[in-house]
Amino acid sequence: MMLSACAGGSATPPAAQNDDVLISQADCERNRDAGTITYISGYGYSASAGQLDVFLAEELGYFDALCLDVEINASGANGQQLVASGQAQFTALGSASDVMLAAANSKNLTAIATYGSVSPFSIFANEAVTSLKGLEGKKLGYFINLTPIASAMLDNAGVDVSKVELIKMTNYDPTVVTRGQVDAIVGYASNQPESLRAQGLPFSEFMPADEGVEGTYNVMEVNTQFLTANREVVSDFMRASLKALEFCLDDHDECIDMIAKLAEDNNQGSAFPRDQLARTWAVESGWVTSNPDLAPGMQTEEQWEPEYELVKRYGGIDTLPALSEMMDTELVAALYDDGALIWPGK
């Protein structure tokens, strides 16, 4: 499922003759010369920062205004591999931990934006489980990997993980917990637990902060070679996306209406119904504004340091690159002036 932004080519009027373009002709030509920029959505049409803002930047014409030809792949598969190999330029990941784990196997990915200073993960459980320690002798499900955040939560709670049966999940239905098929799952706090709440089903939930575990929420990555060769273009891609994120923070309802329509129009409406998207954004929009010292998308090494230590301890990686090798802390910061996003024409 692909969406295209402004097309390049000789038939396109020069920037100076296009009232919708907000940048100089030279900057417009620079951005068009970069060619088609491909973004891979990490999870379809989810109402998550680093995803819905890219879709909305396209729909609202922000990419067009900066002469960017953006193609969006909403299949949500193999984003990191495609970006690392140069077949795509951008993708979003769930946390800094995910970036670090990927960085151990690829040197061609750079994190350029972090959307919050709170971990998006939680462990939700059958109501009979009243503490993490109570998971001993029970079944704990996980998706892809247990995650360093979850491992730290269990460790801090004094759980003997050797006494917990770990099960790799393929079913995203959260009611497997309330029905007792597994006793708990490491999930995304804005998704499955919110679905259970909406259904009025009883369950227990344990958050990283409850166990003194710090984390991050959603990260945008770019192909490092593309960033090196096209830094201004990458900056404008992020500028347009953050402008759309600003719109979604200001007007939840219209933003969710738009992303829900896109999901429906692209045959993912059943996977991303409007009520689910609204529940997700109601939670995740708060994560975006969780750090009063950082504007949306800004990131620092200090912000990542707690997770860095967790990945070194629980990630099963022999050598972890230095934070400075995995992230660019200056690109998004330069898009703000005293906390306000710099947008041409304002």
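Begin by selecting the lining of the largest pocket, which comprises 20 nonpolar, 26 polar and three charged residues. Here Ala, Val, Leu, Ile, Met, Phe, Trp, Tyr, Cys and Pro count as nonpolar, Asp, Glu, Lys and Arg as charged, and the others, Gly among them, as polar.

The model is predicted: local features need pLDDT of at least 70, side-chain atom pairs count only at pLDDT 80 or more, and totals for chains, interfaces and linings use all residues. Residues are numbered from 1 along each chain as its sequence is written, and side-chain values use heavy atoms, without hydrogens and water.

A pocket is an open set of points on a 1 Å grid over the protein atoms alone, where a 1.4 Å probe fits, with protein on both sides within 12 Å along at least five of seven lines; lining residues have an atom within 4 Å of a point. Centre the view on G42, Y43, G94, I144 and Y172, which lie nearest the centre of the largest pocket among its 49 lining residues. Colour domain 1 (25–117 + 216–341) and domain 2 (121–211): each gives at least three residues to this lining. These bounds come from an automatic or database domain assignment.

Next, select S117, V118, S119, E214 and G215, the residues nearest the centre of the second largest pocket. Its lining of 15 residues divides into seven nonpolar, six polar and two charged.

Finally, select residues 1–17, where pLDDT (the predictor's confidence in each residue, from 0 to 100) stays under 50. Where pLDDT is low, the predicted coordinates should not be read in detail. The protein has a mean pLDDT of 92.

How values were computed. Contact = heavy atoms within 4.5 Å.
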